[in-house]
Amino acid sequence: MIGLTILGATGTIGVNTLDVVARHPDRYRVVALTANSDHGRMAELCAKWQPEYAVMADVDSAGQLREALKSRAPAVQVLAGEAALAEVACLPQVDYVMAAIVGAAGLLPTLAAARAGKRVLLANKEALVMSGGLFMDAVHECNAELLPIDSEHNAVFQCLPPDHQRRGLAAAGVERVLLTASGGPFRETPLDELAQVTPDQACAHPNWVMGRKISVDSATMMNKGLEVIEACWLFDTTPAHIQVVLHPQSVVHSLVQYCDGSVLAELGHPDMRTPIAHALAWPERVSAGVEVLDLFAVARLDFQPPDMTRFPCLHLAAQAMHTGGTATAVLNAANEVAVAEFLAGRIRFTDIPRVVEATLANESVQPATSLEIVLAADTSARNTARVFIREQAA
Ligand code: NAD
Ligand code: MG
């Protein structure tokens with residue numbers, strides 16, 4: 001039996017992971033579940049899964065969960081706080097860790113899992129964006145296994161030869177990685193209407209059901225910008241070797257172009273249970289409960305280059321990756337602040353790239369040589385972004 005910790009169990013990825021795990025009770029055992037503050041949802045999950053540990057990042061919520069579990073699941077040990085998230089990612093009885101906390105909050109427990117040499121199923125792309133160099137070093141030094149959950153990166157992984165990590169992409173004959181993007185809900189919205197769009201409109205993704213932060217990132221295409229950075233670290237490549245391709249149907253999840261003219265792609269329904277099942281079972285395959293892809297129903301596939309005027313976040317992300325060091329942590333932090341402010345109704349959708357650009361322009365960049373430096377860059381960028389927003393509002 002494979003012992004599993006799910007970081008971010010109450011989220012979209014967490015719930016989809018449990019859906020796949022439920023189909024294979026003979027293979028996987030849930031050791032620990034974690035969440036931020038949704039103790040009601042967590043109580044339901046604990047009653048169903050009876051894990052050894054349940055962690056709430058928020059201390060008050062942990063108290064409420066403890067109370068709720070007294071009758072429903074008394075054997076579950078409830079822990080609280082950030083350190084406990086990392087603790088349950090490193091338990092000896094845990095083999096695989098699903099890293100599905102959203103945002104910078106996921107960095108420390110995800111890194112802890114890598115340092116403990118676990119198989120890390122990585123959904124939390126922000127961890128790689130913030131500190132890709134440190135993270136990949138930890139993976140290699142501690143013999144961890146890193147399997148991408150992000151559908152695009154999982155697709156690329158599936159289209160690469162099994163030894164690509166050892167040989168590198170160039171030696172494997174890879175010329176380019178083609179990352180597909182739906183373009184989100186505002187792909188065709190007139191540009192002068194973008195300033196008025198609401199959080200609910202931004203979260204109504206045409207093809208995928210996702211948490212609110214990543215949904216807004218998809219609408220600005222910052223998500224694809226973060227994914228270019230993620231791909232650079234995962235596959236040891238550069239933005240020059242990555243092409244973003246708008247593909248509104250989200251059926252082709254990404255492609256790899258080889259020097260002999262072959263282009264390999266992974267296709268399927270836009271359902272996160274496919275990459276989750278792939279990474280859980282790799283190198284084997286297990287059923288995921290995903291509907292069969294009916295090519296006759298799909299009928300056509302469209303591809304376009306992205307419009308950089310409509311999606312300035314794509315350029316900002318590529319620029320930050322080019323600058324290197326702590327610039328990508330600054331980009332991520334500013335974006336998290338801007339998205340939270342937009343979701344709270346305090347800034348406009350079109351302010352998001354402005355906040356990110358202004359923060360990048362105002363923060364000094366350093367080599368990202370330690371976790372302390374990365375976390376300090378994150379804190380400083382959040383302050384700068386908040387000051388910029390306050391000054392603009394004044
Ligand atoms: P979500 O908002 O649905 O869930 C987030 C989870 O993280 C919840 O369990 C929440 O309790 C937990 N969390 C939030 N803040 C926390 C904090 N401060 N401390 C501890 N836990 C905290 O998000 P999601 O859509 O499941 O996305 C999770 C991650 O996966 C993100 O990094 C996202 O970019 C990535 N991802 C998601 C999808 C998708 O289809 N949903 C696809 C690719 C990648
Ligand atoms: Mg993705």
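## The second largest pocket

Helix 11 gives the second largest pocket the largest share of its lining, four residues. Helices here are DSSP runs of H or I with at least four residues, strands are E runs of at least two, and both are numbered from the N terminus. This is a predicted model, where local features need pLDDT of at least 70 and side-chain atom pairs 80 or more, while totals for chains, interfaces and linings use all residues. Residues are numbered from 1 along each chain as its sequence is written, ligands are numbered from 1 in the order in which they are written, and side-chain values use heavy atoms, without hydrogens or water.

The pocket's volume is about 370 Å³. Among its 19 lining residues, M136, V139, H140, Q165 and L234 sit closest to the centre. Helix 6, strand 7 (145–148), helix 8 (164–167) and helix 11 each put at least two residues into the lining. A pocket here is an open set of points on a 1 Å grid over the protein atoms alone, where a 1.4 Å probe fits, with protein on both sides within 12 Å along at least five of seven lines; lining residues have an atom within 4 Å of a point. Points are joined across faces, edges and corners, and the volume is the space filled by probe spheres set on them.

## Helix 11

Buried means under 20% relative accessible area (1.4 Å probe, protein chains only). Just after the helix, D236 has a positive phi of about 50 degrees.

## The magnesium site

Ligand 2 is a magnesium ion, and its protein donors are D150 (OD), E152 (OE) and E227 (OE), at 2.1 to 2.2 Å. Donors are N, O and S atoms within 2.8 Å of the metal (3.2 Å for Na, K and Ca), and with water not among the atoms, sites may look incomplete. In sequence, the spacing runs D-x1-E-x74-E. D150 is buried at 8% relative accessibility, and E152 is buried with 8% as well.

## The nonpolar core

The largest nonpolar core has 131 residues, and L33, F135, I149, L280, L331 and F349 touch the most other members. Its largest share, nine residues, comes from helix 6 (residues 125–141). Such a core joins buried Ala, Val, Leu, Ile, Met, Phe, Trp, Tyr and Cys residues through side-chain atoms within 4.5 Å.

Methods. Buried < 20%, exposed > 50% of the residue type's maximum accessible area, 1.4 Å probe, protein only.
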